[in-house]
Amino acid sequence: MATVTETVAAHAAPQAGSANAPQETIDGFHLVIEALKLNGIDTVFGLPGIPITDLTRKAQAAGMRVISFRHEQNAGYAAQIAGFMTGKPGVCLTVSAPGFLNGLTALANATTNCFPMILMSGSSEREVVDLQQGDYEEMDQLAIAKPLCKAAFRVLHAEDIGVGVARAIRAAVSGRPGGVYLDLPAKLFPQSLEAQAGRDSLIKVVDPAPRQIPGEDAVKRALDLLKGAKKPLIILGKGAAYAQADADIKALIEKTGIPYLPMSMAKGLLPDTHPQCASAARSFVLPGADVVMLVGARLNWLLSHGKGKTWGGKSSKDWGGQKFIQVDISPTEADSNVAIDAPVVGDIGSCVAALLAGLGSSWPKPPAEWLDAVNERKTRNVAKMAETLAKNPTPMNFHSALNVVRDIVKANPDACLVNEGANALDFTRSIVDMYKPRKRLDVGTWGVMGVGMGFAVGAAVTSGGQVIAIEGDSAFGFSGMEVETICRYNLPVCIVIMNNNGVYRGDETPYGNAKDPAPLVFVKDARYEKLMEAFGGVGAYVTTPAELRKAMEEAIRSRKPTLINAMIDEGAGTESGRITALNPTAAKK
Ligand code: ADP
Ligand code: TPW
Ligand code: MG
């Protein structure tokens, strides 16, 4: 591994003892690399080109992992999922204008999902850009990035690289995490400083995500409300998973005895098979609860904004009468949709520890009537699901295929499960149990398609372990070319495409007198597995659950990059999966 001094030595060979010895110097490239390394960032996800080509080479030479992608958006998704999994900002490196724009969707997605990520983009000459004189890849990137991220910085002088990187790291991980943009103009990289002055200019960030302790009165208010509840419920969101306070969260759930619901990416924070997990009774506990404690979950569209029929309200705008406690690091999150009776503002680790301490030794379990009713509903729904999963129809449908995936994940609880699509997403979420925290990685707050292969690469590189990606055929198409990246880095990724020949389903016929195919359908019986074979990975085409099981077991045994094309009944899906209600014209059909 090259050190600063070694790399600097390549620039100028100092002659010891000579008064006229050329100065040891360090250039902008190495200042960026050393600033990242100093802060424990050892991996960069990106795509090379002017002006950052040499940055990728020199970073690799300096011992960093440089993961090169086929499209910047996927590099950005890889970076942000690394951020979610580790709590350290994931770094995505792109070229100017078009490369930057390709990375921007991912940056915005990171901000939306509260994932810490830094998009570092090379940029063109500022004087020329500002006068709009037509530079190579001219674009005012800083201005464009600003509304889509938590913070945006530009570094113009090599001596400011340390400050720029430090500010980017702090902005990404402190408070509510999010995306940060760092603009690195081409002119910065060849600038050099005297080596010692250069090293001294770098900053090792102390306590980048400081604890934020909740007020004692806020904790007491929350506990008083919870204690008086007849039908309490806890909702764990991906903020709770991100916080890495797993043991205390488990203790809080178990000591209170309150049923809990994990949001999608909080699945596995406690095993989905936990006796207090109420996922199988979701539509019973949401309208039924009287006091709901949200831990790192927002009352956004995914929770019907805390009102309406989902919550037992009479109409879509009606409040269901629940009282809310909200544990969140953002002081402005409370009251964003409905009144929050007891906001507890602070980092989840500190808040949950304070709540636990306040429970005391004699916390009353929730009334048996409520727990029995939840369990009764759960048992009924689980039995219904078991019946559906046991069926073996021809052609294979989502349930019979996902029954296999459910078994494989159970046998491999440390594997990361990446998931996107509509039906392929919703059915996987409800059928496949998760057993460990931060293993389920999916479309998040936006329901964005295209995260699949970026997340798969990011998760495999970050964890060093197995990744299983359950992909709708449409969803996969957004990032499919990264199969080459998976093969190039020989990552243990098993992709399963739930191939129903289209978006939602594949049986639509052309509308009107059109000679073109219907807008939602793809080439029938497409052989996606050949894409994996093209780059040296393993492809499999399967039409039965038994074939799917065999192919997945082999993929996991061999750890080889594998793509399984699982043919699903093309009429099995529903429009928009489970969120048909958000699509009013379809909902009326
Ligand atoms: P979900 O989609 O799973 O419901 P959201 O993304 O809506 O989750 O909510 C995550 C919430 O978690 C955000 O409001 C964010 O401010 C909060 N959050 C993230 N990290 C922390 C943390 N370390 N401590 C407290 N709250 C956090
Ligand atoms: C960036 C809109 C939501 S779900 C989906 C699209 C295009 C694909 C559903 O088909 P798939 O799954 O993946 O085959 P299945 O099992 O139901 O057949 N562009 C972006 N994000 C979103 N969400 C869309 C479009 C969409
Ligand atoms: Mg599909």
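1. A word on conventions. This is a predicted model, in which local features need pLDDT of at least 70 and side-chain atom pairs count only at pLDDT 80 or more, while totals for chains, interfaces and linings use all residues. Residues are numbered from 1 along each chain as its sequence is written, chains are lettered from A and ligands numbered from 1 in the order in which they are written, and side-chain values use heavy atoms, with hydrogens and water left out.

2. A backbone N or O atom of S474 sits 2.9 Å from an oxygen atom of ligand 2, and one of G502 is 3.0 Å from an oxygen atom of the ligand. For M449, a backbone N or O atom lies 3.2 Å from a nitrogen atom of ligand 2. On its own, ligand 2 has 590 Å² of accessible area, of which the protein covers 75%; such areas come from the Shrake-Rupley method with a 1.4 Å probe. Helices (H or I, at least four residues) and strands (E, at least two) are DSSP runs, numbered from the N terminus.

3. Now to ligand 1, which is surrounded by 20 residues, the closest being R176, K238, R298, D328 and I348. A polar side-chain atom of R176 is 2.8 Å from an oxygen atom of ligand 1. The backbone takes part too: a backbone N or O atom of I348 lies 2.9 Å from a nitrogen atom of ligand 1, and one of G296 lies 3.4 Å from an oxygen atom. Taken alone, ligand 1 exposes 580 Å², and the protein buries 96% of that. Its shell has nine nonpolar, six polar and five charged residues, with helix 11 (residues 238-242) giving the most, three residues.

4. Helix 5 (residues 97-113) deserves a look. How many of its 17 residues are buried? The count is 12, among them F100, L104 and L107; buried means under 20% relative accessible area, exposed over 50%, and partly exposed in between (1.4 Å probe, protein chains only). A kink of about 30° is centred on L104, the bend being the angle between axes fitted to the seven residues ending there and the seven starting there.

5. Two cis peptide bonds are worth checking. One joins I50 and P51, with omega about 5°, and P51 lies in the loop between strand 2 (43-46) and helix 3 (53-61). Another joins T394 and P395, with omega about -10°; P395 is in the loop between helix 15 (368-390) and helix 16 (398-411).

6. Finally, positive phi values. D207, which is not a glycine, has phi near 55° and is partly exposed at 46% relative accessible area. N490, also not a glycine, has phi of about 50° and is exposed at 53%.

Technical notes. A residue is near a molecule or strand if one of its heavy atoms lies within 4 Å of it. A polar contact is a pair of N or O atoms within 3.5 Å; within protein, one must be able to donate a hydrogen and the other to accept it, and residues adjacent in sequence count only if both atoms are side-chain atoms. Ala, Val, Leu, Ile, Met, Phe, Trp, Tyr, Cys and Pro count as nonpolar, Asp, Glu, Lys and Arg as charged, and the others, Gly among them, as polar.
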